[in-house]
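Please keep the sequence and the structure in view while reading.

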Amino acid sequence: MASIIIHSSSCSTSSVLHSHTCNNNNNNNNKLSVVQLHQFRSSLLPEALVRFSGSKCFGPVSGRKLRGGFKCAAGDASVLPSALLFDCDGVLVDTEKDGHRVSFNDTFTEKELGVTWDVDLYGELLKIGGGKERMTAYFNETGWPENAPKGEQERKDFIASLHKRKTELFMVLIEKKLLPLRPGVAKLIDQAFAKGVKVAVCSTSNEKAVSAIVSFLLGPERAAKIQIFAGDVVPRKKPDPAIYNLAATTLGVEPSRCVVVEDSGIGLAAAKAAGMTCIVTKSGYTADEDFENADAVFDCIGDPPEERFDLDFCTKLLQKQYV
């Protein structure tokens, strides 16, 4: 049986499906054509519970690589997720390079700090969860600007003021709808609502910025049904699982019944540490990160006819918890 990942730089008609192979007991390799891939997803998944992660084959429960092929078991097709939990930046909208980074740089220019974060540098800084934490780590490493305060508390206040201004500039971009939703996001959320599945957004970004994205890009009707957990609502940010633990507790759902959609390694680590199923949709900055522990990896959610996965797929992934 094959482990599958969809490789593409974007959700477009030029996307190519690649299937990878694993050895079974007889050391035979089974390759899936595009037609077989469709049959696999629509027919086989309810019977054989498997995990997708890069080009490796994993067992349905332990997540460890299995010798001699897959261990398959029947699942209960009625097991719906209790909640879908979305990261924001990179999942709902690919905001980092042309949104947050630009807003940080505009803030640095306004405050005459003599600092510019280029594309590559910002990609490295994204390994640190949270904008205030990101700036603090950067200044601690490279040196604080001359016009920054010297005391510890004064520097915390300084960072908070920079982040507040950065958020204001970022929200202008969102309100003007200069950054679009990623393909398939609205579709998957609507499918969840139709089945009574709770939806929340769990992000390290500022709550106002996340709320703006949800309200302006998903619309007020959807936004009214989506709970937001963001920013400093928890003391420790991703990869710590605190925000996902809080979401499960507040929503009144079991972590094992939650499916998370993330785009980064730190987000994946947070979701798995919380005991949740996690699907990764790669974004511009995270395409080369290690997602070995993910339950599935795609380039995006996708809208038909370029759809990558839907609520039914999330349900089938979740079934492995109940075999």
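Val102 lies in helix H2, which covers residues 96-110, and the model in which this is seen is a predicted one.

**Val102**
- With a relative accessible area of 27%, Val102 counts as partly exposed, because that class lies between the buried limit of under 20% and the exposed limit of over 50%.
- Although Val102 and Lys166 are 64 residues apart in sequence, their C-alpha atoms are 9.0 Å apart in space.

**The sheet**
- Six strands form an open sheet in the order E7-E6-E5-E8-E9-E10, and their pairing is parallel.
- The edges are taken by strand E7 (226-230) and strand E10 (296-298), each of which has a single partner strand, so one side of each is left without a neighbour in the sheet.
- From one strand to the next, the twist averages 20°.
- Strand E6, made up of residues 198-203, pairs with E7 in the parallel sense over five bridges, and Ala200 stands opposite Gln227 in E7.

**Helices on the sheet**
- Helix H9 (residues 242-251) packs on the sheet, where it touches strand E5 (83-86), E6, E7 and strand E8 (258-262), and the direction of H9 makes about 145° with that of E7.
- Helix H11 (residues 311-318) also packs on the sheet, touching E5, E8, strand E9 (277-281) and E10, while the direction of H11 makes about 135° with that of E9.

Notes
Residues numbered from 1 in each chain as written. Predicted model: local features only at pLDDT ≥ 70, side-chain atom pairs only at ≥ 80, totals over all residues. Heavy atoms only, no water. Pairing = 2+ DSSP bridges. Helix = DSSP H or I, 4+ residues; strand = E, 2+ residues; numbered from the N terminus. Axes fitted to C-alpha atoms, helices over the stretch in contact; angles between N-to-C directions. Contact = heavy atoms within 4.5 Å. Buried < 20%, exposed > 50% of the residue type's maximum accessible area, 1.4 Å probe, protein only.
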